[in-house]
Structures are given as C-alpha cells and as structure tokens.
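Please keep the sequence and the model in view while reading.

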Amino acid sequence: FEPLLKEVLKSEGGYVNHPRDPGGATNKGVTQRTYDMYRRDKGLPTRTVRKITTAEVALIYKNRYWDRVSGDQMPSGLDYVAFDAGVNSGPSRGVKWLQRAVGATPDGQAGPATIAAARSSDWVAAVKKACRIRMSFLRSLRHWGTFGKGWSRRVAHVEARSVQLAAAAMSVDVTAVLEKEEKAAASIAKKQQTGAHTTAGGTAAAAPTAATQIEPTAWADPTVLTLFGMVTAAALVAAGALYLRSFINKRREEAYRAIALEEKAGF
C-alpha cells in the first residue's frame, strides 16, 4: 500500500480548487466532502481540506480505496491499476474495469472470484486492457476537454508502472517488455497521426471532383453544398479521433520510456 500510495499522490498533487472540477476543493486527491465525512466519523470538527495531515490522507486512502479494491490480495501491477482508477473515478469503477480485463463478472465488488480471476490472468495483458477500458470511459466525459491531457498522462504512467511491476512479479525481462511497449506505442501513434493527415486532406480534395462530375454549376445547389459539408465534417471528426488516439499513444510511449530508463538505472 505505502509505495503505491506515493505513486497515486504524485498524480494527485497538492491543493486544487479548479472551477470546472465537479469534485470541488481537493488536497492530495481528497475532496472537501470526503474530508468532512472522515472528520465527522471520527467525532472531530470539520475544517478546510487544506489542513489535512499526512496520517489522515493515508487512512482515507487505505479505508476508502485500497481496501475496497482488495489491494492486499491483488497481483502486483493489477493492485495499482485498480487502486489509482478507484481514487480517480470511484472504487466500484476501478474494480469493474479490472474485472472486465481479467474476465470476471463486472459487479464492482473485489471478492474471491475476482481475486482468483486476477491471479490466474496474464498480468501484463490485464494491466493494458484495464487501462484501455479506463481511457475509453474518461474520453466520454464532458470534462475531457479541460482535463483530458492530464488524465492521459496519468493513465499512461499507471499503465507503464503497472506493467513494470507485473513483469517483475512474473519473472520476465522487465526492460525488454517496457522497450517493446514503448516502440509499439510510438509506431501506433505515428500511423494514427499520418492517417489523420490523409483523412482530413484526402476527403476534402475528393469532394469537388465528385461534385463536378454531376454538373459544373452544381455547387450552387443547396443539396450539393449540404452533402459537401457533411463529408467535410465527417472527415474532420475522423481526423480528430485519430489525432486524439495519436496523442494518447504518444503519452504511453513517453511513460514507458521514462519507466524503462528508471529500470535501467536501478531505481
């Protein structure tokens, strides 16, 4: 729990009160509402989350998140995946994403069946799948435009670190695994970025040709203009999706490279 708590706190940072964050004022990942509940349960007066102590942070994370995802019983790597996702999006979601990755019933409860499925799975593959599921959820949120870049970097780091932990626990060549994943992410990102250029440029160029084959004056026809607009909009949407995937894979590449360098340096 302790080393993984440090990893989570690196992502959470210090006191933040972003106007577009639905969680409101937060310090070290603990919202004011959660801190108020903790203090009341202890029979203590509420106070600003700015004053939360290190001991209080550890207790809140242990009781509300780590224990809820059965962190002590999860395989190395998968514990961090479920823990960080639980902190970021709620323990039930963190468990469900892990369950889907290991083939367990996604009920949000980290019970014996889920633990058994996690232990018998390919830990590295399960880490990657759980992170893909998590990213898909985050991209669907209305706050993606505001927090998407930070979320992408966070999940990329969680994936890379968890793969490192899982590979070490499976007694495979950790550095080789990390370097392989880094190259794969870089290759996918490059292909997606190239595809985005082709989609945006190629479709727009093709539309006038199709229209002029109807009639040279057909551009004045509202139907043709509407069709051209729809095709262009579809091309832009497709290009945007590819650029987004390219960005996410670029963050994955960077995260794997950073962890691989740490591994080589013996950190």
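The axes of α1 and α4 come within 10 Å and cross at roughly 40°; axes are lines fitted to C-alpha atoms, for helices over the stretch in contact, and angles run from 0 to 180 degrees between N-to-C directions. That angle makes α1 oblique to α4, given that angles under 35 degrees count as roughly parallel, over 145 as roughly antiparallel, 65 to 115 as roughly perpendicular and the rest as oblique. The model is predicted: local features need pLDDT of at least 70 and side-chain atom pairs count only at pLDDT 80 or more, while totals for chains, interfaces and linings use all residues. Residues are numbered from 1 along each chain as its sequence is written, and side-chain values use heavy atoms, with hydrogens and water left out.

**The chain as a whole**

- The secondary structure of the chain comes to ten helices and three strands; helices (H or I, at least four residues) and strands (E, at least two) are DSSP runs, numbered from the N terminus.
- Starting at the N terminus, the elements follow the order α-β-β-β-α-α-α-α-α-α-α-α-α.
- The chain has 267 residues, of which 42% count as buried; buried means under 20% relative accessible area, exposed over 50%, and partly exposed in between, with a 1.4 Å probe and protein chains only.
- Among the contacts in the chain with a separation of 6 or more, 63% join residues 24 or more positions apart; a contact means heavy atoms within 4.5 Å.

- Helix α4 covers residues 78–89, and its twelve residues should span 16 Å at 1.5 Å a residue; the end C-alpha atoms are 16 Å apart, which agrees. The expected span of a helix is 1.5 Å times one less than its number of residues.
- Eleven of the twelve residues of α4 are buried, so the helix is mostly covered.
- The buried residues of α4 include Y80, F83, D84 and V87.
- The elements against which the buried residues of α4 pack are α1 (2–12), α3 (54–66), α5 (91–102), α6 (112–120), α7 (123–139) and α8 (144–169).
- Just after α4, G90 has a positive phi of about 105°.

**How α4 meets two other helices**

- Two packed helices are described by the angle between their axes and the distance between the axes.
- The crossing of α1 and α4 is right-handed; a crossing is left-handed if the near helix is turned anticlockwise from the far one by less than a right angle, and right-handed if clockwise.
- On the α1 side, L4, L5, E7, V8, S11 and E12 meet D79, Y80, F83, D84 and V87 of α4.
- Helix α8 packs with α4 at an angle of about 160°, the axes being 9 Å apart; the two helices are therefore roughly antiparallel to each other.
- The crossing of α4 and α8 is also right-handed.
- Which residues of α8 does α4 meet? Y80, V81, D84, V87 and N88 in α4 meet W151, R154, H157, V158, R161 and S162 in α8.

**Helix α5**

- Helix α5 has twelve residues and reaches 17 Å from its first C-alpha to its last, close to the 16 Å expected at 1.5 Å a residue.
- P91, G94, V95, W97, L98, Q99, A101 and V102 are buried in α5, and their cover includes α3, α4, α6 and α7.
- Just after α5, G103 takes a positive phi of about 85°.

**The sheet**

- Three strands form an open antiparallel sheet in the order β1-β2-β3.
- The edges are taken by β1 (15–16) and β3 (30–31), each with a single partner strand, so one side of each is left without a neighbour in the sheet.
- Two bridges join β1 to β2 (residues 26–27); two strands pair if DSSP finds at least two bridges between them.
- V16 stands opposite T26 in β2.

**Individual residues**

- K28, found in the loop between β2 and β3, has a positive phi of about 55° although it is not a glycine. At 28% relative accessibility, K28 counts as partly exposed.
- S70 is found in the loop between α3 and α4, and its phi is near 55°, a positive value in a residue other than glycine. Is S70 buried or exposed? S70 is buried, with a relative accessible area of 12%.
- E253 lies in helix α10 (residues 222–265) and counts as buried at 7% relative accessibility. Not counting residues up to four places away in sequence, E253 touches E182, A185 and A186.
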